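Me: I am new to this structure. Please show me how to read its features one at a time.

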Amino acid sequence: MWALGRTLWCGVVEPGIALAFGTLVAVGELARWRAPGQDREQERESAPLGAAGALAYALLGENGGTTTHHGVLQVVAVVLAAALVGAVPHVALGRGPSPDQVARRVLTVAFAAACFQPLYNSGTLARWTGDGPYYALFLLLVLVLTALCDAVLTAALLRARTSFPYAPVLRDELRALLGIGSAVCATGAVIALAVAAAGLWALPVFCVPLLLTQLAFRRYAAVRVTYLQTITSLARATEIAGYTRPGHARRVARLSRAVGRELGLGEADLVVLEYAALMHDIGQLSLVDPVPAGATAPLPPAEQRRIALLGGAVVRQTGVPAEVAVIVERQADPYREQPLPARIVRAVNAYDDLAGAQGRPGGSLSALEQLRLGTGRDYQPEVVESLARVLAHQRGGPQGPG
């Protein structure tokens with residue numbers, strides 16, 4: 001509000017340049033896209049063109065060889081106004097960006113502008129670097145710091161919204177910088193340098209590469225969603241055949257992913273965990289006599305292990321990563337011999353079996369108590385308590401004794 005008020009009160013410096021970059025940011029926001037089924041926690045950068053345009057305006061020092069004089073507050077005001085204008089159609093359709101996404105964009109751009117504009121407008125940057133390679137190195141330094149700022153803000157917002165551990169969330173954000181994040185930063189810097197040399201006509205020319213990158217990103221995200229839908233459909237075979245209760249695989253996958261997040265697993269491990277949780281009961285298709293209600297938790301350990309091995313053999317034929325089959329095969333082992341994802345699947349599967357058993361008094365509270373009683377051999381205590389915290393956070397359910 002301070003930046004908007006100050007800009008309106010003092011007037012827009014070089015309104016043509018501000019309008020050109022504001023239009024670019026607004027068009028980028030209009031092109032915002034999220035894959036079907038992708039939630040906000042999985043979303044990285046769905047409006048790369050708008051982000052690159054905003055970053056380019058923050059790093060702009062000249063227009064066609066003529067020095068510009070806009071400052072940090074005008075950068076913030078133009079980017080905020082353009083982002084809000086571009087978000088209006090999405091909000092009307094009920095799929096607009098969340099307020100924290102807009103705030104993150106504005107704060108990140110403000111950081112970049114604060115690092116560049118005062119030094120450039122005062123002439124300090126010219127005295128330090130001149131127009132040679134040192135100027136490019138300074139821009140590279142600003143880009144690196146801005147990317148780190150964006151990762152820190154994104155991880156902090158996700159931590160506040162979901163209570164996930166901060167360290168693994170930040171690690172995932174830093175890894176994501178090597179993908180679309182690096183393309184956004186590089187394109188923003190190139191646009192700023194191109195406009196400085198060739199004027200505003202450089203804007204449409206240098207936006208084409210990022211548009212192609214965004215198209216490739218959309219195709220990749222669509223393929224990934226289709227792949228997950230295929231695995232989900234395969235996992236439903238046990239429900240359709242009457243071997244497991246309706247929705248069991250999806251519930252186990254959703255809870256397993258949340259527990260994995262809570263325990264600090266990274267995004268790549270969470271994807272493998274989700275696939276394994278969806279397919280953990282597929283071995284039951286090889287049984288002659290179905291398990292009553294599909295609940296494997298009450299079965300003898302030897303029978304559980306046999307079903308798990310049958311499931312692993314089936315999973316290996318589906319083309320999913322080998323780690324998924326290993327998790328499915330080892331979900332019935334004693335937890336001290338299991339990898340962490342297998343411990344999570346085993347505990348969450350047992351919880352859903354026990355909580356869904358007909359006639360069990362106490363529901364989820366009783367199921368968690370049963371899991372705690374089995375922590376001596378079958379379930380890792382840390383996983384059980386993490387599951388309790390996730391249930392308490394998501395459903396207002398029972399909390400652990402700690």
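Reply: Start with one residue. Valine 109 is buried, its relative accessible area being 4%. Buried means under 20% relative accessible area, exposed means over 50%, and partly exposed lies in between, with a 1.4 Å probe and protein chains only. This is a predicted model, in which local features need pLDDT of at least 70 and side-chain atom pairs count only at pLDDT 80 or more, while totals for chains, interfaces and linings use all residues. Residues are numbered from 1 along each chain as its sequence is written, and side-chain values use heavy atoms, with hydrogens and water left out.

Me: In which helix is valine 109, and with which residues is it in contact?

Reply: Helices are DSSP runs of H or I with at least four residues, strands are runs of E with at least two, and both are numbered from the N terminus. Valine 109 belongs to helix 5. Contact means heavy atoms within 4.5 Å. Setting aside neighbours within four places in sequence, valine 109 is in contact with Ala54, Leu55, Ala58, Val75 and Val79. Its C-alpha is 8.8 Å from that of tyrosine 57, a residue 52 places apart from it in sequence.

Me: What is a nonpolar core, and which residues touch the most other members of the largest one?

Reply: A nonpolar core is a set of buried Ala, Val, Leu, Ile, Met, Phe, Trp, Tyr and Cys residues joined through side-chain atoms within 4.5 Å. The largest one here has 52 residues, and those touching the most other members are Phe21, Tyr57, Leu59, Val75, Phe116, Ile191 and Val195. Among the elements that give it two or more residues are helix 2 (15-30), helix 5 (99-121) and helix 8 (166-198). Helix 8 supplies the largest share, twelve residues. Not counting residues up to four places away in sequence, leucine 59 touches Ala112, Phe116, Gln117, Leu139, Val142, Leu143 and Ala192. Another core, of 43 residues, lies apart from the largest one and includes Ala276, Val315, Ile344 and Val384.

Me: How many salt bridges are there?

Reply: Side chains of opposite charge can pair when their charged atoms come close. A salt bridge is a side-chain nitrogen of Lys or Arg within 4 Å of a carboxyl oxygen of Asp or Glu. The structure has 19 of them. In one, aspartate 100 meets arginine 161 at 2.4 Å, N to O. Aspartate 100 is in helix 5 and arginine 161 in helix 7, so this pair ties together parts 61 residues apart in sequence. Arginine 161 is partly exposed, at 35% relative accessible area.

Me: How many disulfides does the structure hold?

Reply: A disulfide is a covalent bond between the sulfur atoms of two cysteines. The cut-off used is a pair of cysteine sulfur atoms within 2.5 Å. The structure holds zero disulfides. The closest cysteine sulfur to that of cysteine 115 is in cysteine 149, 8.3 Å away, which is too far for a bond. For cysteine 207 the closest is in cysteine 185, at 15 Å, again too far for a bond. Cysteine 207 is buried, with a relative accessible area of 7%.
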